[in-house]
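Student: I would like to learn how to read the features of a structure. Please take them one at a time.

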Amino acid sequence: MEHNQQSTQFQEMDSGEKRLNELGYKQELRREMTLFKTLAISFSTMTLFTGITPLYGSSLQYAGPASLVWGWVVVSFFTSFVGVAMAEICSSFPTTGSLYFWAAHLAGPKWGPFSSWCCAWLETIGLIAGIGTQAYAGSQTLQSIILLSTGTNKDGGYFAPKWLFLCMYVSLTLIWAVLNTFALEVIAFIDIISIWWQVIGGLVIVIMLPLVAMTRKSAAYVFTSFEMGVDSTGVSSKPYAVILSFLVSQYSLYGYDAAAHLTEETKGADKNGPISILSSLGIIAVFGWAYILALTFSIKDFSYLYDPSNETAGAFVPAQILYDAFHGRYHNSAGAIVLLFVIWGSFFFGGLSITTSAARVVYALSRDKGIPYSSIWRQVHPKRKVPSNAVWLCAAICIVMGLPILKVNVVFTAITSICTIGWVGGYAVPIFARMVMPEKNFKPGPFYLGRARRPVCLVAFVWICYTCSVFLLPTYYPITWDTFNYAPVALGVGLSLVMVWWWVDARKWFKGPVRNIEISGNGK
């Protein structure tokens, strides 16, 4: 009788929780998020504006509009291979640890701990740097809003100095941390607002901007014009300029793994996790291209966008495009300020979602004793059931990363590179392990690639390696202290310390994901 009750209870269990128990983990976080809420958080982490807006100006400057416009299409195509490969793995392993958990199980008992260690730290570095990118770009947008609201650069408007810029950066980070210490329902509710904010705001900007602009570029200019910005970038090689112009697309089209971080809190995660990954990637690919086209068609004067004496001080190209469009038709900047606020809202929601994801990864790694003082960071708030200590650790590190804003001009370039290489590099480990593992050791979920797995994973892995490589390249010439991309140095030092810790000590005790329930039979 008792056995039948247990059997019935197991059958009634959520499919994601059932698979979680098979893998050796008990349900600790609340499993109450629906497909739509999970998709909202995943979509918000990728965000329509936050990737494109801050890098649009520099990418346009390297090789002109055609390279930027078609670059988005090319990058979307190759990124889809990464998304499909990850969706298959997510379907089989619906756990909060996601990438590093996948790496441990797919690499097998011999290489699992080392693969898990590398993946966990890459992902942790990438996600925490990701909070910094949102805080920096959000502050940059706010800087332009303040400038246009108090006049313009030509009419005595207030351009926030570096100390105030840093204060805005820190304030945003702290606000996200405070919001993430509340129950997950609060975050999910805010992210529902976020998805509508971005869908409606995106449609308004994409449709309104070209209609408002008095002068519009021709289709021939947008889709075929190739202009080298040698004088401003120092890049004289055409292939190199094209490679750098793709950076905006490569930076924008990731973050779709956010759904995987929330799988222990999502109903039917073995099905809804993959759907969220692929849906958010597809939505952003379409909306992102439309946003790039709207900005590019609305350019008034290409060279004036970068003029330090223009209305936005040459600091933020999208802001100047918006200003030219609305001031040209209505002779004021009110419309530009409103749309910049919509874009700023996107940065705010994106940073909030990335903080959520970063805290979940730190919590999961702490649960498996992979971070110093793990006992502190793995604590879950007894009432709210959120990893609040992990949230504040992420916020503190993010604030420290932003301190060089006071002295260094290329902080955003470095934080962006660290974020992309860490975050996307973390994808490579489980995808490579999935590609080389014996198929008999893989227990597929509802989403399964079958024979297509190896070619899909190969394309995805090569594309990730290429993406990480280009973010280490110098972005301006000649190379000076002001233009030096110090991401290779920062990453080199950080990852070297992590590797030294592994060989000296961690390899003796770190075994990858630690099961917290006893299971019978083979959990794999």
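Tutor: Start with contact, which means heavy atoms within 4.5 Å. This is a predicted model, in which local features need pLDDT of at least 70, side-chain atom pairs count only at pLDDT 80 or more, and totals for chains, interfaces and linings use all residues. Residues are numbered from 1 along each chain as its sequence is written, and side-chain values use heavy atoms, with hydrogens and water left out.

Student: Leaving aside its neighbours within four places in sequence, which residues is Gln-320 in contact with?

Tutor: With neighbours within four places in sequence set aside, Gln-320 touches Tyr-304, Leu-305, Asn-310, Glu-311 and Thr-312. Its place is helix α16, residues 317-330. Helices (H or I, at least four residues) and strands (E, at least two) are DSSP runs, numbered from the N terminus.

Student: Is Gln-320 buried or exposed?

Tutor: The terms rest on relative accessible area: buried is under 20%, exposed is over 50%, and partly exposed lies in between, with a 1.4 Å probe and protein chains only. Gln-320 has a relative accessible area of 0%, so it is buried.

Student: How many helices and strands are there in the protein?

Tutor: The protein has 22 helices and 0 strands. Of its 524 residues, 58% are buried. Among contacts between residues at least 6 apart in sequence, 83% join residues at least 24 apart.

Student: Where can I see such a sequence separation in a single residue?

Tutor: Take Ala-63 in helix α4, residues 48-63. Ala-63 and Ser-225 are 162 residues apart along the chain, and their C-alpha atoms are separated by 8.7 Å. Beyond four places in sequence, the contacts of Ala-63 are Ser-225, Phe-226, Glu-227, Ala-241, Val-242 and Ser-245. Ala-63 counts as buried because its relative accessibility is 0%.

Student: Ser-245 is on that list. Which residues does Ser-245 contact, leaving aside its neighbours within four places in sequence?

Tutor: With those neighbours set aside, Ser-245 is in contact with Ser-59, Tyr-62, Ala-63, Ser-67 and Leu-68. Ser-245 belongs to helix α12, residues 238-245, and counts as buried at 1% relative accessibility.

Student: How is a nonpolar core read?

Tutor: A nonpolar core is a set of buried Ala, Val, Leu, Ile, Met, Phe, Trp, Tyr and Cys residues joined through side-chain atoms within 4.5 Å. In this model the largest one holds 139 residues, of which Tyr-56, Val-82, Trp-102, Tyr-427 and Ile-431 touch the most other members. The largest share of this core, 18 residues, is from helix α17, residues 334-367. Val-82 is in contact with Tyr-256, Tyr-427, Ile-431, Ala-460, Trp-463 and Ile-464, leaving aside neighbours within four places in sequence.

Student: How is a pair of packed helices described?

Tutor: Two values are given: the angle between the axes and the distance between the axes. Axes are lines fitted to C-alpha atoms, for helices over the stretch in contact, and angles run from 0 to 180 degrees between N-to-C directions. Helix α5 (residues 65-92) and helix α20 (residues 411-436) pack at about 70°, with axes 10 Å apart. That angle makes α5 roughly perpendicular to α20. The classes are roughly parallel under 35 degrees, roughly antiparallel over 145, roughly perpendicular from 65 to 115, and oblique for the rest. Val-82, Ala-85, Met-86, Glu-88 and Ile-89 of α5 meet Tyr-427, Pro-430, Ile-431 and Arg-434 of α20.

Student: What is the angle between α7 and α19?

Tutor: Helix α7 (residues 108-149) and helix α19 (residues 388-402) pack at about 60°, with axes 9 Å apart. The two are therefore oblique to each other. Ile-128, Ala-129, Ile-131 and Gly-132 of α7 make the contact with Cys-394, Ile-397, Cys-398 and Met-401 of α19.

Student: Where is His-331, and is it buried or exposed?

Tutor: His-331 sits in the loop between α16 and α17. With 62% relative accessibility, His-331 counts as exposed. It has a positive phi of about 60°, although it is not a glycine. The helices on either side, α16 and α17, pack at about 145°, with axes 8 Å apart.
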